[in-house]
Amino acid sequence: MTTAQRPKARAAAGFTPSPVEPLAHQLLTALAQHRMATTNQLHVLLRPDRSRQSVSERLNELRRERLVEFVVLPQAHRTRVWYLTPKGARLTRDWPALRGRPPYPITSATAASLKTPHTLTVVRTHLAFVADARRRGDEHGHLDWTPEVSHAIGDGERVVADAVMHYTLIDDQQRRKLRAFVEVDRATMGAERLASKLIEYARFWSYEPQPVGRRRQAAGAVWLRWYPLFPRVLFVLTGASRQTLDNRISDLQAMAAQHPLVAALAREVPLGAVVLDDLEEHGPTRDVWVPLGGGEPRPWTEL
């Protein structure tokens, strides 16, 4: 049985947020986690088995309490994009599920509008994995996707992932925990700059802080403080023609082949790239991912 084929009986076991927790609480948590989302995205993420109106009504109640606000996308049928107000950010700051996450209060509609295109594309990417996990019976929910995770890579520099994904692959009685750094590219930066993100991840993979003092032993790779295995690195591309996106994937492959440190990373860590349209149409566990180290397209779980 391939990874794309699963018994139909398992579909009902897909992970969805607990209905025991109030929807209002989950909406505030999701917006604190993801920074912003449309009404439809929140509906799919949190209550796919309920009406969209039930989610919209609860959001409007939270707005009357001045915990959330929205901006309108004029070219998308006046879609509402929701985000936390400063009051909402203060309320959620110390919730257990969000502990340790920096708050991202948005103080004006203008600020929200500037962040909207990239943030919503990152949420779109997340929803593709959520939908596939539900279909397969795997575990991946609204709190298993943490945007804008930053790690030091030495010399005072940092690598910032668009998201860190946690995913539990379930096959019969076996549970396999997977993690990935996700980079969402809307073709707003040059192809060389995009490919250079691989150098940053390779530096993080190899970074070992120097011990202070003669008697202290080397601490080892710094990433071991957070991850038992170095996460996969996944690039999701959109915002340009198919030919342009294919060229950008080729540039990522060239970086993986030509840069010594990135080549070493590619031998040890799965690296892949996909076009967002393919991800949404076919699902992430189909043969849509191009391995950056070479080979035929495959599921992200088999990179």
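Q: Two strands pair if DSSP finds at least two bridges between them; how many bridges join β5 to β6?
A: This is a predicted model, in which local features need pLDDT of at least 70 and side-chain atom pairs count only at pLDDT 80 or more, while totals for chains, interfaces and linings use all residues. Residues are numbered from 1 along each chain as its sequence is written, and side-chain values use heavy atoms, without hydrogens and water. β5 (157-171) and β6 (174-185) run antiparallel, and the number of bridges that join them is 9.

Q: Which residue of the turn between β5 and β6 has a positive phi?
A: β5 and β6 form a hairpin, with 2 residues between the strands. A positive phi of about 55 degrees belongs to one residue in this turn, namely D172.

Q: Which residue in β6 stands opposite L169?
A: β5 and β6 are antiparallel partners. Across this pairing, the residue in β6 that stands opposite L169 is R176.

Q: In which sense, parallel or antiparallel, do β6 and β7 pair?
A: Strands of a sheet pair through backbone hydrogen bonds, in either of two senses. Between β6 and β7 (residues 232-237) there are 6 bridges, and F181 stands opposite V233 in β7. The sense of the pairing of β6 with β7 is parallel.

Q: What is the order of the strands in the open sheet?
A: The open sheet is formed by 6 strands, and its pairing is mixed. Its order is β4-β5-β6-β7-β8-β9.

Q: Why is one side of some strands left without a neighbour in the sheet, and which strands are these?
A: A strand at the edge of this sheet has a single partner strand, so one of its sides is left without a neighbour in the sheet. The strands in this position are β4 (145-154) and β9 (290-291).

Q: How many helices and how many strands does the protein have?
A: Helices (H or I, at least four residues) and strands (E, at least two) are DSSP runs, numbered from the N terminus. By this rule, the secondary structure comes to 9 helices and 9 strands.

Q: What percentage of the residues count as buried?
A: A residue is buried when its relative accessible area is under 20% with a 1.4 Å probe, protein chains only. The protein has 303 residues, and the share that counts as buried is 48%.

Q: Among contacts between residues at least 6 apart in sequence, what percentage join residues at least 24 apart?
A: A contact means heavy atoms within 4.5 Å. With contacts in the protein between residues at least 6 apart as the reference, the share joining residues at least 24 apart is 62%.

Note on methods:
Buried means under 20% relative accessible area, exposed over 50%, partly exposed in between (1.4 Å probe, protein chains only). Two strands pair if DSSP finds at least two bridges between them.
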